[in-house]
Amino acid sequence: MRTLIALLALAVAAVAVAQESKVQLKDGPGKDKAMACIACHSVDYIEMNSRFMNRAAWTASVNKMINAFGAPIDKADIDAIVSYLVQNYGVKD
Amino acid sequence: MTTTQRVVLGRRRLVAAVAGASALAVVGQHGALAAALGSTQAMGLAEIPDGALAEQVLFALPGKLPLIKKTYRPPNFETPLRYFRSVITPNNAFFVRWHLAGIPEVDARDWKLAVGGESVERPASYTLAQLRKDFPQIEITAVCQCSGNRRGLFEPHVPGVEWGVGAMGNAVWRGVRLKDVLAKSGLKSSAIEIVFDGADHPPMDKTPDFVKSIPVDVALDENTLLALDMNGAPLPHWNGAPARLVVPGWTGTYWVKQIVSINAVASPESNFWMKTAYRLPRGKYPGATFESQLAEATEPITSMVTNSLVTSVAFGQQFPRGKPIDVAGIAWDGGSGIEQVEISTDGGEHWQRAKLGRDHGRFSFREFSLIVPTKAPGTMVVMARATSRSGQTQTEQLSHNPAGYHHNVVQRLYVEIV
C-alpha cells in the first residue's frame, strides 16, 4: 500500500488531488482490495461504468487491467475485487 | 397549480411518444426541461449510463473553463453543448482526453523534438524556435473528435470513458507540415508508418506507453501538421503543448499530444494502442484504409463518420404555437466536407435542406440552420441528418461495435408546441 501511495503522489502531482479525493468508492466487502485501482486511475472510472456490467464483464475488465495494463493486483484478489464491483457497481446476470 | 402540474398533460404525451425514455427531468419556469448535467437524452439521443450521469460534475482544470468531468485521473473532460453554438471551439472550453496519468508540464524552452527511425537518412532534433523559424507555418481548421465520442450512448452500454456528445472540438491549428519535417531528414522509400510518442507516460512500468502510428501517405499529406498553436495562441497544456499531431479527418487517437519523438519505420508498429485498442470489426464502417495495420477480423479506426449536432433545441422543450423555431447546429465528416444537412419535423417522413454557414474548409465543423414553422399544438419530432460530399450520411439505427466508436445516430428531439 505504501508503494501505491508513493506512486499515486507522483502521478497526480499536477492534477486536482483535492477533487479526486472527494470521489469515494461505496463501502462494502472487498473495497480495500478494489482500492488498488488508484495506483493508475481515479475511482470515478468505476462509477462512470455503472450500472451495466455483469460478473463476466467486470471480470474481463479487471483482467484487462492486469494483463494489458500491468495493474499491481494479486491474482488471489481478483475474485474479491470482482465481487465488490458486481455488488456495488454492476448488474446481476 | 404549479408549473410542473400545468405541463403534466403535455409531458405525458411526450413521454408516451418516446419508448423507453425514462425520468424526464424537472420542468423549469419557461417550459424547458432542466436536464441533468451532460444528459444526452436532453439531446434526443440515448442516455449515458446512470453511474456516469451521477458522477460527472462541472470542474475547471487550471486554464480551462468548467467542463464536464468524466474522470479526474487521467483527466477526461467533455465540452458542454453550448460551446458548440459557435463554429470554433474556444481553447479554454476544448475537451481534454488523456490515457495515462503521467502528464508532465513541458517547458517549451527545454523541449526538443527528435526525428529518426530506420527509414530516415538523417536523424534530427528541433527546438520549438527552430520549428517556428525553419519551416513554413501552415494553418488549417479541423475537427478533433475522440474515437469514443458518444460511447455512453451505446445500447447495450460498452465499458470505457462514457462520453456524451462533447468529446470533440473544432479549432484553427497552426504549425509545420509533417512532410516538411520528414523531408529534412530524408525519408527512405522503405518507410511504411510514422510513429509518434508524447511526453506523457504511464504510472506503472508495465503499462504500455501511449504510442501511435499513421500510414506514410497520411503523414505526407499536405494537411497533416505538427501544430504549435491553436486558435491563435500556443496549445494549452491540456491539449498537448508544445506540439501535437493534427491529422485532419482522422479521429483524435492519432492526434498525439506533447510529441517528443517521430520515427519513420519499415514495419508496422505493434504496441497495445495500435494492435489491440482503437479497432473496429473489419469492413463494417466506411473510412480510410490503414493497410499495414489490417488484421483478419479487425482494422484500426481511421477517419470520422459523417455526423451532426443540433445545438438550438432541447428534448422536451416547449415552443409557443405560431412562433417559428430555428433548428441550428453543426455538421462534420471525415474530410470530404459537408454536402447538405436536412431537417425533418415529422419524425423523418419529410426532409428539407437547411442553410449551410460559411465554409471553413472540408475538415471543419459546418454550421447549419433552418427556420421551421410551428402550426398545430402537440408533439413535434425534430431531426437533423448530415450528408458528406462523399455521399456518406448518418444512421438512424446504431451500428454496434465492442469499443463504442463511430456513433452517428440521428437525433430525435421531441418538442412540445403549446
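**A walk through the model**

Modeller: Let's start with one residue: B:Val115 lies in strand 5 (residues 112–116) of chain B. Helices (DSSP runs of H or I, at least four residues) and strands (runs of E, at least two) are numbered from the N terminus. This is a predicted model, in which local features need pLDDT of at least 70 and side-chain atom pairs count only at pLDDT 80 or more, while totals for chains, interfaces and linings use all residues. Residues are numbered from 1 along each chain as its sequence is written, with chains lettered from A and ligands numbered from 1 in the order in which they are written.

Biologist: Is B:Val115 buried or exposed?
Modeller: B:Val115 counts as buried, because it has 21 C-beta neighbours inside 10 Å. A residue is buried if 20 or more other C-beta atoms lie within 10 Å of its own, exposed if 12 or fewer, and partly exposed in between, with C-beta atoms placed from the backbone.

Biologist: Which residues does B:Val115 touch?
Modeller: Leaving out residues up to four places away in sequence, B:Val115 touches B:Val120, B:Pro123, B:Ala124, B:Val181, B:Ser185 and B:Ile262. A contact means that the C-beta atoms of two residues, placed from the backbone, lie within 7 Å.

Biologist: And how are the strands of chain B arranged into sheets?
Modeller: One open sheet has 5 strands in the order 6-5-14-9-10, with mixed pairing. Its edge strands, each pairing on one side only, are strand 6 (124–127) and strand 10 (211–215) of chain B. Two strands pair if DSSP finds at least two bridges between them.

Biologist: How many bridges join strand 9 to strand 14 of chain B?
Modeller: Strand 9 (residues 193–198) and strand 14 (residues 259–265) of chain B run antiparallel and are joined by 6 bridges. Within that pair, B:Ile194 stands opposite B:Ala264 in strand 14 of chain B.

Biologist: What about strand 2 of chain B, what does it pair with?
Modeller: Strand 2 of chain B pairs antiparallel with strand 1 (residues 57–59) of chain B over 3 bridges. B:Phe59 stands opposite B:Leu67 in strand 2 of chain B. Another 3 bridges join strand 2 of chain B to strand 3 (residues 76–78) of chain B, also antiparallel. A hairpin connects strand 2 of chain B to strand 3 of chain B through 4 residues.

Biologist: How many residues of strand 2 of chain B are buried?
Modeller: In strand 2 (residues 67–71) of chain B, 5 of the 5 residues are buried, so the strand is largely enclosed by the rest of the structure.

Biologist: Switching to chain A. What is it made of?
Modeller: Chain A has 6 helices and 0 strands. Buried residues make up 35% of its 93 residues.

Biologist: Which residues of helix 6 of chain A are buried?
Modeller: They are A:Ile81, A:Val82, A:Tyr84, A:Leu85, A:Val86 and A:Tyr89. The buried residues of this helix pack against helix 3 (31–34), helix 4 (44–48) and helix 5 (55–67) of chain A, together with helix 3 (50–55) of chain B.

Biologist: What does A:Leu85 touch?
Modeller: Not counting residues up to four places away in sequence, A:Leu85 touches A:Ala34, A:Ile46, A:Trp58 and A:Gly90.

Biologist: And the contact between the chains?
Modeller: 28 residues of chain B are in contact with 29 residues of chain A. Helix 3 of chain B gives the most to the side of chain B that touches chain A, with 5 residues.
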